[in-house]
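Q: I have this structure open and want to go through its side-chain pairings. Can we take them in turn?

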Amino acid sequence: VQLQASGGGLVQAGGSLRLSCAASGRTYSDYGVGWFRQGLGKEREFVAAISASGGSTYYTESVKGRFTISRDNARSTVYLQMNSLKSEDTAVYYCAARPDATYGNRHYDQRSTYWNWGQGTQVTVSS
């Protein structure tokens, strides 16, 4: 499956953005999808993930209550709605996919379990 991330931009602190991760190729509905981010000079870190069916979602603690991950399998797209953005959310955001049949609900926060990665989209939050 090929992934295309979009929706990044420049926003003031407290503002909102919605990222999209569109897929082509294999059946997207068989894949769990995660969002990761990498700030300048930092390691790539887990942000959020959603199971293939959309029935399970996972978030890193720092974004709980502010970010919402969702998916529309008919459109082969996963979304990351980001509200109440903070300067520390500034990073390049990447989406990634992995087959749920292989991992089930395990290790959604581990980069090594993802098979396919999209290009990043820059999110910059000004304070």
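Q: Start with lysine 64. Which residue does lysine 64 form a salt bridge with?
A: Lysine 64 pairs with glutamate 61, and their closest N and O atoms are 3.2 Å apart. A salt bridge here is a side-chain nitrogen of Lys or Arg within 4 Å of a carboxyl oxygen of Asp or Glu. This is a predicted model, where local features need pLDDT of at least 70 and side-chain atom pairs count only at pLDDT 80 or more, while totals for chains, interfaces and linings use all residues. Residues are numbered from 1 along each chain as its sequence is written, and side-chain values use heavy atoms, with hydrogens and water left out.

Q: Are those two buried or exposed?
A: Lysine 64 is partly exposed, at a relative accessible area of 45%. Glutamate 61 is exposed, at 59%. The cut-offs are under 20% relative accessible area for buried, over 50% for exposed, and partly exposed in between, with a 1.4 Å probe and protein chains only.

Q: How many salt bridges in total?
A: The count is 6.

Q: What about arginine 111, which residue is its partner?
A: Glutamate 43, with the closest N and O atoms 3.6 Å apart. This pair links distant parts of the chain, 68 residues apart. Arginine 111 is in the loop between helix 1 (100-103) and strand 10 (116-117), and glutamate 43 is in the loop between strand 4 (31-38) and strand 5 (45-50). Helices (H or I, at least four residues) and strands (E, at least two) are DSSP runs, numbered from the N terminus.

Q: And how accessible are they?
A: Arginine 111 is partly exposed at 37%. Glutamate 43 is exposed at 62%.

Q: Next, aspartate 89. What does aspartate 89 form a salt bridge with?
A: Arginine 66, and the closest N and O atoms are 2.7 Å apart. Aspartate 89 sits in the loop between strand 8 (77-82) and strand 9 (91-99), and arginine 66 in the loop between strand 6 (57-59) and strand 7 (67-72), so the pair ties together parts 23 residues apart in sequence.

Q: Buried or exposed, those two?
A: Aspartate 89 is buried, with a relative accessible area of 0%. Arginine 66 is buried too, at 11%. Salt bridges with shared partners join Arg37, Glu45, Arg66 and Asp89 into one network.

Q: Change of topic. How many disulfides?
A: The count is 1 disulfide, taking a disulfide as a pair of cysteine sulfur atoms within 2.5 Å.

Q: Which cysteines does the disulfide join?
A: Cysteine 21 and cysteine 95, with S to S at 2.2 Å. Cysteine 21 lies in strand 3 (residues 17-24) and cysteine 95 in strand 9, so the pair ties together parts that are 74 residues apart in sequence. The link is right-handed, with 75° about the S-S bond. Cysteine 21 is buried at 0%, and cysteine 95 is buried at 0%.

Q: What does alanine 5 touch?
A: Not counting residues up to four places away in sequence, alanine 5 touches Ser20, Cys21, Trp35, Cys95, Gln119 and Thr121. Contact means heavy atoms within 4.5 Å. Alanine 5 is in strand 1 (residues 2-6) and is buried, at 4% relative accessibility.

Q: Last one, aspartate 30. Where is aspartate 30 found?
A: In the loop between strand 3 and strand 4. Aspartate 30 is partly exposed at 46%. With residues up to four places away in sequence left out, aspartate 30 touches Ala52, Arg98, Pro99 and Asp100.
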